[in-house]
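Here is a short report on one model. It begins with a single loop residue, then turns to a second one, a sheet and a whole chain.

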Amino acid sequence: MIPERLVTIGAVAGLLAVALGAWALGEIFTITLATRAAILALAATGLNIALGYGGLVSLGHAAFFGLGGYAMGILAFHAQSYTPLELGALTIEGTKSMPVIWLVAICVSALAAWVIGLLSLRTGGVYFIMITLAFGQMFYYFAISWSAYGGEDGLPIYLRNSFPGVDTLVPVQFFGLCFAALVLALLLSARLRSAPLGLALNAARQSPARVAAVGISPTRVKLVAFVISGAITGLAGALYADLNRFVSPAMFSWQLSGELIVLVILGGVGRLAGPVIGACLFVTLEHWLGGLTDFWHVWLGAILLGVVLFARGGIVGLLTGKAGPHV
Amino acid sequence: MSDAVLSTHGLRKSFGALLATDGVSLDLRPGEIHAVIGPNGAGKSTLIAQICGSLVPDAGQVRLDGIDVTAASPAQRARRGLARTFQVSALAMEDSVLENVTLGATGRAGGGYGLLRRALGRGDRHDRALAAIDRVGLGGVADMPAAALSHGQRRLLEVAIALSLAPRAFVMDEPMAGLGGEGSADLTLLLDALRTEAPILLVEHDMDAVFALADRISVLVAGRVIASGRVDEVRADRQVRRAYLGDL
């Protein structure tokens, strides 16, 4: 059996190799697929902190993904139309600068995660799933009715945003940015897991009373994790919007929340490489099977069933021979 | 009474028509083991829950080191030095013995939310955790997950975590529950030595252990303390004999 560390490095290196190989061969479309996989992996890495480490089954992570997307969309829209954003006394200029957009995306989704977490974490189990779903749907319907930014039709951004020193219009360079964000998020996630907060979060998932009895508030630990989780997924949303140069309410849809959960379960819940492997597999299946049949989700469903029934630790669990944490 | 480490004053809690705790005043003084005994349904668990903060009393006070902690959460009380063990082991079952105990040492230091350092490995929290593990005799299984431990070892792990808090007072909810004669005797020896570090409020059904350990006993019946005093006094009390001990 393979040590988990090696699986993680292998998965990340594999994704990089695919993108670089495609670049060498001039396969632009494959680079775009790899970029999509990296961004979905980033979003799922965020979810994995809440779901895998904390046992918080959030069916509302699309809220953060969408907020990141709309943070990008709104800032870029005002920049491309040369109209500042008027918020009462406050006037904000739009921007096409990725670092600024990312910072806004992270802050906005972290704030939303804090508010949603504060309310949802009073509950547990199936109620937590329902409340997070409800928050996600609130954002979804709000985006649909927000005609200033395209409403149901969404909001196209004509030119990809810029990053100092990088030509983001070159696919492999934009992949590099997304890949770097993914690696950073994985490092943060690994750090969190081995830090006191990770120890407490892991224990809070298993026995909240135990955590409280040693002087740590289990709710506070989960809230901190939920905020970090939401912020990472929000960043992924901003990147995803930049990949497609398009933002739409679909980024807020509950189907997307569900897909993120599927990615994590496929790859391995609570495992560092889980979201990466899950996202790569998802994008590959979507591309290959999607080319063969419109009903490719049937096959995805069959694979998911197989994993849930026969490989509780997901693909990482199969490779390392160890079942993951019990959620 | 002012030197009591932990005390309750007129605690009262009712569930509907049932008065589960009816004006309970107890205190725990330095260096002692104070046992609380009573038949099933006497309100012992409800009392513990109020002392440890998982249940809010309708009236009355809980004081720790003279400070009113009645409104404090379980986590806040633990940080003030109240270490409890659970009747049914509450452990992070997937985590190792060392991780479970390190969590205790970390929580007491107020560092449970840290992101920048490693939870395990060198440092005084690690040393404190290892010392607590050795103290209860789990040194040989420190790297085993709690789920792989025997029932008796899990009871010891509960005590080790409480110890790692370097507490001002222990509250132990039936630490002997489910232990055989030998395990119970071992734990009795361990608790006997612990009282010098911090006094123990001991809720226990095992009467051999109670009589071997307790400096004082309070008898709880139907939510009220019907007798409280030294072991021989309580043993001789007619009311207690009738209500609880049977004819010894």
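Ala222(B) counts as exposed, because its relative accessibility is 55%; exposed means over 50%, buried under 20%, and partly exposed in between, with a 1.4 Å probe and protein chains only. This residue sits in the loop between strand E9 (216-221) and strand E10 (224-230) of chain B.

The model is predicted: local features need pLDDT of at least 70, side-chain atom pairs count only at pLDDT 80 or more, and totals for chains, interfaces and linings use all residues. Residues are numbered from 1 along each chain as its sequence is written, chains are lettered from A and ligands numbered from 1 in the order in which they are written, and side-chain values use heavy atoms, leaving out hydrogens and water.

Glu174(B) also has a positive phi, about 45°, without being a glycine. Its relative accessibility is 9%, so Glu174(B) counts as buried. The loop that holds Glu174(B) runs between strand E7 (169-173) and helix H6 (181-194) of chain B. Helices (H or I, at least four residues) and strands (E, at least two) are DSSP runs, numbered from the N terminus.

Chain B also has an open sheet of 4 strands. Its order is E2-E1-E4-E5, with antiparallel pairing; two strands pair if DSSP finds at least two bridges between them. Strands E2 (18-28) and E5 (67-68) of chain B are at the edges; each has a single partner strand, so one side of each lacks a neighbour in the sheet. Strand E4 (residues 59-64) of chain B is joined to E5(B) by 2 bridges, and the two run antiparallel. Leu64(B) has Ile67(B), in E5(B), as its bridge partner.

Now chain A. It holds 13 helices and 4 strands. A compact globule of 327 residues would have a radius of gyration near 20 Å, and the 19 Å of chain A agrees. That radius is taken over C-alpha atoms, and the globule rule is 2.2 Å times the number of residues to the power 0.38. Contacts are heavy atoms within 4.5 Å. Among those in chain A with a separation of 6 or more, 78% join residues 24 or more positions apart.

| Chain A property | Value |
|---|---|
| Span of the C-alpha trace along principal axes | about 55 × 50 × 40 Å |
| Buried residues | 54% of the 327 residues |
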